[in-house]
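User: I would like to learn how to read a two-chain model feature by feature. Could you walk me through one?

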Amino acid sequence: MTASLDLTFTLNGDAKTARVAPNTLLIDFLREACQLRGTKRSCDMQICGACTVLVDDRPVSSCTTLAADIDGAVVTTIEGLGGPDGLDPVQQAFLDHNALQCGFCTPGFILSVKALLHANPAPSHEEIVEHLNGNLCRCTGYHKIIDAVESLVRP
Amino acid sequence: MYPSPFTYHRPASVEAAVALLAEFGDDAAPYAGGTELLLAMKMGFAQYDHLIDLKRLPTLRTIANEGEFLSIGALATHAEIAADPTVRDLLPPLAALCGEVANPRVRSSGTIGGNLCFAEPRADPPALLAGLDATLILRSTSGERAVPAASFITGALETVRAADELLVRIDILLSERRVRYERIVFGHRTVAGAVAALGAPGQPERIWVGGVATCPAPLPLTQSLLDAEPGAADARLHDAVTQDIAALDIADDEEASADYRRHLAATVALRAIAGCREELQR
């Protein structure tokens with residue numbers, strides 16, 4: 001039983017510890033305590049996908065996940081992709097295919113694609129479309145996003 | 001939105017989890033996937049002083065072929081069930097349905113047990129499990145009891161689970177029945193679903209609808225007709241299904257009028273029956 005909770009976890013490749021109140025949501029922990037603002041809050045009910053992060057390579061809605069859940073886990077946010085040597089291949093594919101306009105949904109889309117390709121390195125077109133129906137974009141009309149993913153699977 | 005503050009418990013065993021439920025009763029909620037519980041808490045619909053985290057109890061997520069039964073731990077996620085080779089082999093419609101729940105994020109966290117215990121009226125798995133004659137195993141400090149999936153959910157967000165009981169697993173009878181689940185989805189929500197489990201000698205025919213009334217419901221006239229006449233003509237089936245669905249308490253809501261939902265429910269029920277019959281003729 002605990003009124004505050006000590007967490008040990010890996011965030012974007014770095015070992016971390018933190019103390020949180022048990023009712024802290026993962027999204028608030030990432031955006032406020034960790035100051036990682038790439039993870040976006042939008043619908044707050046697991047429909048839009050803007051808050052998607054990876055926990056042990058699984059896609060989760062950080063708006064509806066407790067910070068407690070990352071104790072012992074490996075967490076990847078959009079800030080963990082790419083680096084001084086260049087973009088992550090998924091980021092590069094989005095750039096090459098103009099798969100973003102305002103960019104608000106993009107971190108969630110890119111992490112959803114990372115999760116898809118981790119679980120299924122060669123998804124069919126239908127599997128790509130089905131997987132991404134859990135992420136909403138109000139700008140691109142989705143075709144360019146799907147083209148970007150296709151380019152990674154069937155170059 | 002934030003869930004209201006609570007004390008967080010991480011029991012090291014199922015026995016410890018059940019002991020915490022016995023201690024705190026209505027003031028505690030088991031925390032499984034959280035996909036429904038945390039939403040309800042964030043919106044202020046639910047408030048608990050204690051959350052009992054079950055996510056770190058691997059014995060609650062075992063999936064096993066027990067010969068007569070397929071046994072699924074209550075904490076198995078939709079994604080785990082969808083990908084499990086045993087489920088895909090023995091009960092493909094269950095694997096397929098779990099693979100279509102909501103979106104990949106909900107499937108990777110949400111659990112079959114949470115889905116049943118939350119008893120959201122638009123959920124599909126409860127109707128499928130009722131049609132499959134599944135048995136739910138509830139554990140408390142006084143032991144285990146078995147409840148048929150057919151009588152577990154009693155209304156919208158209402159089940160027979162007592163506050164000190166934990167749903168630990170679901171045992172699904174394996175049979176020669178052909179099984180079909182058909183549904184119609186608007187956006188992310190089912191507006192009508194139906195399961196048909198037909199064609200095993202000596203076993204009753206099952207037709208249930210889900211996502212239609214406040215809880216899953218059997219279609220008794222249709223079941224009796226198929227028990228008596230497995231080859232009953234389409235027109236008679238249509239009449240039986242229509243009568244059964246007319247007898248259900250269905251309300252207008254923001255997604256569909258009651259009349260339209262009745263029409264959709266009859267449509268998916270007849271599709272499920274037709275799908276099973278096609279498989280039986282192969």
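User: Is A:I47 buried, partly exposed or exposed?

Analyst: Happy to start there. Buried means under 20% relative accessible area, exposed means over 50%, and partly exposed lies in between (1.4 Å probe, protein chains only). A:I47 has a relative accessible area of 31%, so A:I47 is partly exposed. A note on the basis: this is a predicted model, in which local features need pLDDT of at least 70 and side-chain atom pairs count only at pLDDT 80 or more, while totals for chains, interfaces and linings use all residues. Residues are numbered from 1 along each chain as its sequence is written, chains are lettered from A and ligands numbered from 1 in the order in which they are written, and side-chain values use heavy atoms, with hydrogens and water left out.

User: How many residues of each chain are in contact, and how much area do chain A and chain B bury?

Analyst: The size of an interface is often given as the accessible area lost when the parts come together. Buried area is what two parts lose on being put together (1.4 Å probe), summed over both, and contact means heavy atoms within 4.5 Å. In this model, 32 residues of chain A touch 31 residues of chain B. The two chains bury about 2500 Å² between them, 52% of it on carbon and sulfur atoms.

User: How many salt bridges does the rule find across the interface of chain A and chain B?

Analyst: The rule asks for a side-chain nitrogen of Lys or Arg within 4 Å of a carboxyl oxygen of Asp or Glu. It finds four across the interface of chain A and chain B. A:E130 forms a salt bridge with B:R107, with the closest N and O atoms 3.4 Å apart.

User: What are the domains of chain A, and how much area is buried between them?

Analyst: Domain bounds come from an automatic or database domain assignment. Chain A has domain 1 (5-80) and domain 2 (89-153). The contact takes 16 residues from domain 1 of chain A and 13 from domain 2 of chain A. About 1200 Å² is buried between these domains, with carbon and sulfur atoms giving 69%. A:T52, A:D57 and A:I78 supply 38% of the area that domain 1 of chain A buries against domain 2 of chain A, more than any other three residues. The salt bridge count between these two domains is zero.

User: Which residues of helix α5 of chain A are buried?

Analyst: An α-helix has 3.6 residues a turn, so residues three or four places apart point the same way. In α5 (residues 143-153) of chain A, the buried residues are A:I145, A:I146, A:A148, A:V149, A:E150 and A:V153. They pack against α2 (89-96), α3 (106-119) and α4 (125-132) of chain A.

User: Why is A:Q91 called buried?

Analyst: A:Q91, in helix α2 of chain A, is called buried because its relative accessible area is 14%. Beyond its neighbours within four places in sequence, A:Q91 is in contact with A:I78, A:L81, A:G82 and A:I110.

Technical notes: Helix = DSSP H or I, 4+ residues; strand = E, 2+ residues; numbered from the N terminus.
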